[in-house]
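Student: Could you walk me through how to read a few features of a protein model? I would like the general idea and then the case at hand.

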Amino acid sequence: MIRSTARILLCVLLIPSAVPAQQEATPPAAAPFIPPTTIFGYRNAAPELQLEKAFLAVPDPMLARQHLEFLTSAPHVAGSLEDKRNAEYVLDKYKAAGLDAYIQPYKVWMGLPLDIRVDVVAPEGVVMHGPSPEHVSDDPFQKDPRILPAFNEYSPSGEVTADVVYANYGRPEDFKTLKEMGIDVKGKLVICRYGEVFRGVKPAVATKYGAVGVILYSDPIDDGYFKGDKYPKGPWRPDTGVQRGSVQALFKYPGDPTTPDVASVPDLPADKRIPPEKVNDLPKIPVTPLSYADATPIMQNLGGPESPRSWQGALPFTYHVGPGPVKVHMSIKIAYQYTTIWDVIGMVKGSEQPNEWVVLGNHRDAWVFGAVDPNSGTASQLEAVHGIGALLKSGWHPKRTIVFASWDGEEEGLIGSTEFAEQHAKDLSRAVVYFNMDSACSGPDFAASSVPSLKQYLRDAAKAVPSPKGGSIYDQWKATQDKSKDTPEIPGAKGREPAANVTKDVRVGDLGSGSDYTPFLQHLGVPSADVTSHGPYGVYHSAFDNFAWFTKFADPTFVYEQEMARVYGILAMRIASSDVLPFDFEEYGKEISEYVKAAETKAKAAFGDQAPSFADATAAAGRLQKAGAEAMKRQTGGTQDLGATNLVLRNVERGFLIDGLPNRPWFKHAIYAPGENTGYAAVVIPGVNEAIENNDLALTKQQLQVLTNALNRAAGMLELVR
Ligand SMILES: [Zn+2]
């Protein structure tokens, strides 16, 4: 114990000087780290605080470095030999820590690129034969022959030759603008830039407007030289860097496209699968990504009117929308087949409530080397496991079962996590919480998203972990947020702002989609959270997201990897052994009240006098808030029956489950879903808000009733807390 304390102090004292000057700009002068003395949910926090102190001493920056170096030594796309090798590495570490661990294979429908070509065929004199290999002046990994050509997973194979139209970010409003400008995209090849919405939304919208193909490119204004020096001089996207990625309609349902609701276990009979050719929700037109080096000759030679000024990126010429005279020939050959992927699962059995799971996931598969996305998370998770293992060896056991998971196939469409969630739906109906960590670290700024009931829990856990910059994670998190009010362009801040802000405390974002919490929260109603630490990061899904980039720009000394391992472990062990589950349903109710209020204003604007009454929904949200406040009194003070209280608290989130959202029955959560037109960003009370956006009065009324029932159901459960 004494040695542990000494090590923590040593870290706090020594590490600030090891942090590069670039990262030191944000915080105020280093403050001392003062650990809290109480924990919400614990009647007597002292023993737990002793355990946490012992845990915090274990995660080791040098070991995190070793994990990351091993995991990113080769490209390891889902289903590859290198992916299997990494699965075995994780399995070994889980076992070494004393976890009960196994590999769970699934057989899923996925593709790998065979031949991808994009050629400019007109006008004469404009030459581009892409995609060009990703290349910079100096990078030790770029020549690896196993690097896959850049492609978009779930694009159909196909060949088109057509005039090109520029469609900005490819959002519904962008296509509307083109229409208003008199530009018809029917039969055209659309080029749009990455950003603003999930990439899978873009081909879905383009198809509605009659386009025959889509090119997605990374504009330097969004993550290239406009932001700062490009790699290898700086962290931003170099000219040839390409963003790979899935264009699956994950806002309809994620996972194996041939098995919605069903787990793709290896021996699943064929008649339980949708034949791949009958899957309806995959893109119908070919889609492929380009670097801005390859996109430039296309963009520069477009004719037609000037684009709206807000559509102008950072390429050095005025953007026009076309159509033509640039004509492009695009030929996409992707080999789709049933492929085996491997989740790794490691369990620590709970001593009192072994059937109640606390699940902690990170995906392991990457498009290329995946140093930030996702293996900074894997390395951190393994060090959290290392710490939990040290406690196990000293005889400790959590009260509830802790389940660590290393998901596969996340990049293709959250496949490993979704199949696991579908396979274990019954076990997970008793789960307490799901904590996600995808890209754990691209820089020094901590951020989190969660359901409102977990927001205070996250803030408290952040107070329990020292920051390499001095003080606690919480202190630095707060300082960064205060600063980002003045400088809103701080990377990562966007998209993490909650739809409703009901406290003056640190803001925790909402959960939309784009990572593995989706099946847990939005399909099964398991309370979920996601944590990360971010910084300037322009190499997302490219060959340059590798160990060289990471050690130069993200976390040279691996102290933020250590920080994330520590907070991830604290998140797990605290809730796993808490006397009373530390959910705050008052904050949940307050936020929902705000969502309802905002939707009412929107409905009045959309429907005028016809707008439906929001009185019942407002009352139900108020009832939830009140029940949450009453429950909080029992949680903090005098509940007599811990077992019964915890059972209720554990289940309230399931009260929000409904039969399914309109047109997407897989999504069953009444409060959060990925937006049909945003994909990543959360839409709150999605049934109601999307009905209003679609100007559908009857559906708005019906969805208001569904929401009201869900809120009353959850409030009614919460009122049982005694
Ligand atoms: Zn990821």
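Student: Let's start with burial, in helix 13: which residues are buried there?

Tutor: This is a predicted model, so every value here is computed from predicted coordinates. In helix 13, the buried residues are Lys455, Tyr457, Leu458, Arg459, Asp460, Ala461 and Ala462. Seven of the nine residues of this helix, which spans 455–463, are buried, so helix 13 is largely enclosed by the rest of the structure.

Student: Now loops. Where is Val321, and is Val321 buried or exposed?

Tutor: Val321 sits in the loop between helix 8 (292–300) and strand 9 (327–348). Its relative accessible area is 0%, so Val321 is buried.

Student: Which residues is Val321 in contact with, leaving aside its neighbours within four places in sequence?

Tutor: With those neighbours set aside, the contacts of Val321 include Val164, Val165, Tyr166, Leu178, Met181 and Ile183. For a sense of distance, take Gly234: Val321 and Gly234 are 87 residues apart in sequence, and their C-alpha atoms are 31 Å apart in space.

Student: On to salt bridges. How many does the structure hold?

Tutor: The general idea is a side-chain nitrogen of Lys or Arg within 4 Å of a carboxyl oxygen of Asp or Glu. The structure holds 34 of these salt bridges. One of them joins the side chains of Glu196 and Arg171, with an N to O distance of 3.9 Å. Glu196 lies in the loop between strand 5 (189–193) and helix 6 (201–208), and Arg171 in the loop between strand 4 (158–166) and helix 5 (172–180), so this pair ties together parts that are 25 residues apart in sequence. Glu196 is partly exposed at 46% relative accessibility, whereas Arg171 is buried at 16%.

Student: How are Glu719 and Arg623 joined?

Tutor: By a salt bridge, with the closest N and O atoms 2.8 Å apart. Glu719 belongs to the segment after helix 22 (697–718) and Arg623 to helix 19 (615–636), 96 residues apart. Glu719 is partly exposed at 34% relative accessibility, and Arg623 is partly exposed at 31%.

Student: What about disulfides: how many are there?

Tutor: A disulfide is a covalent bond between the sulfur atoms of two cysteines. This structure holds zero disulfides. Among its cysteines, Cys192 is buried, with a relative accessible area of 1%, and Cys441 is buried with 0%.

Student: How should I read helix packing, say helix 4 against helix 9?

Tutor: Two packed helices are described by the angle between their axes and the distance between the axes. Here the axes of helix 4 (81–96) and helix 9 come within 8 Å and cross at roughly 20°. Angles under 35 degrees count as roughly parallel, and that makes helix 4 roughly parallel to helix 9. The crossing of the two is left-handed. Where they meet, helix 4 brings Tyr89, Val90, Lys93, Tyr94 and Ala96, and helix 9 brings Thr378, Gln381, Leu382, Val385 and Lys393.

Student: Last topic, the backbone. Which peptide bonds are cis?

Tutor: Most residues other than glycine have a negative phi, and most peptide bonds are trans. A cis bond joins Gly130 and Pro131, with omega about -5°, and another joins Tyr231 and Pro232, with omega about 10°. Pro131 lies in the loop between strand 2 (129–130) and strand 3 (152–153).

Student: And what is the phi of His541?

Tutor: Phi of His541 is near 60°, a positive value in a residue other than glycine. His541 is buried at 5% relative accessibility. Asn663 also has a positive phi, about 70°, but Asn663 is exposed at 62%.

Methods. Residues are numbered from 1 along each chain as its sequence is written. This is a predicted model: local features need pLDDT of at least 70, side-chain atom pairs count only at pLDDT 80 or more; totals for chains, interfaces and linings use all residues. Side-chain values use heavy atoms; hydrogens and water are left out. Helices (H or I, at least four residues) and strands (E, at least two) are DSSP runs, numbered from the N terminus. Buried means under 20% relative accessible area, exposed over 50%, partly exposed in between (1.4 Å probe, protein chains only). A disulfide is a pair of cysteine sulfur atoms within 2.5 Å. Axes are lines fitted to C-alpha atoms, for helices over the stretch in contact, and angles run from 0 to 180 degrees between N-to-C directions. Angles under 35 degrees count as roughly parallel, over 145 as roughly antiparallel, 65 to 115 as roughly perpendicular and the rest as oblique. A crossing is left-handed if the near helix is turned anticlockwise from the far one by less than a right angle, and right-handed if clockwise. Contact means heavy atoms within 4.5 Å.
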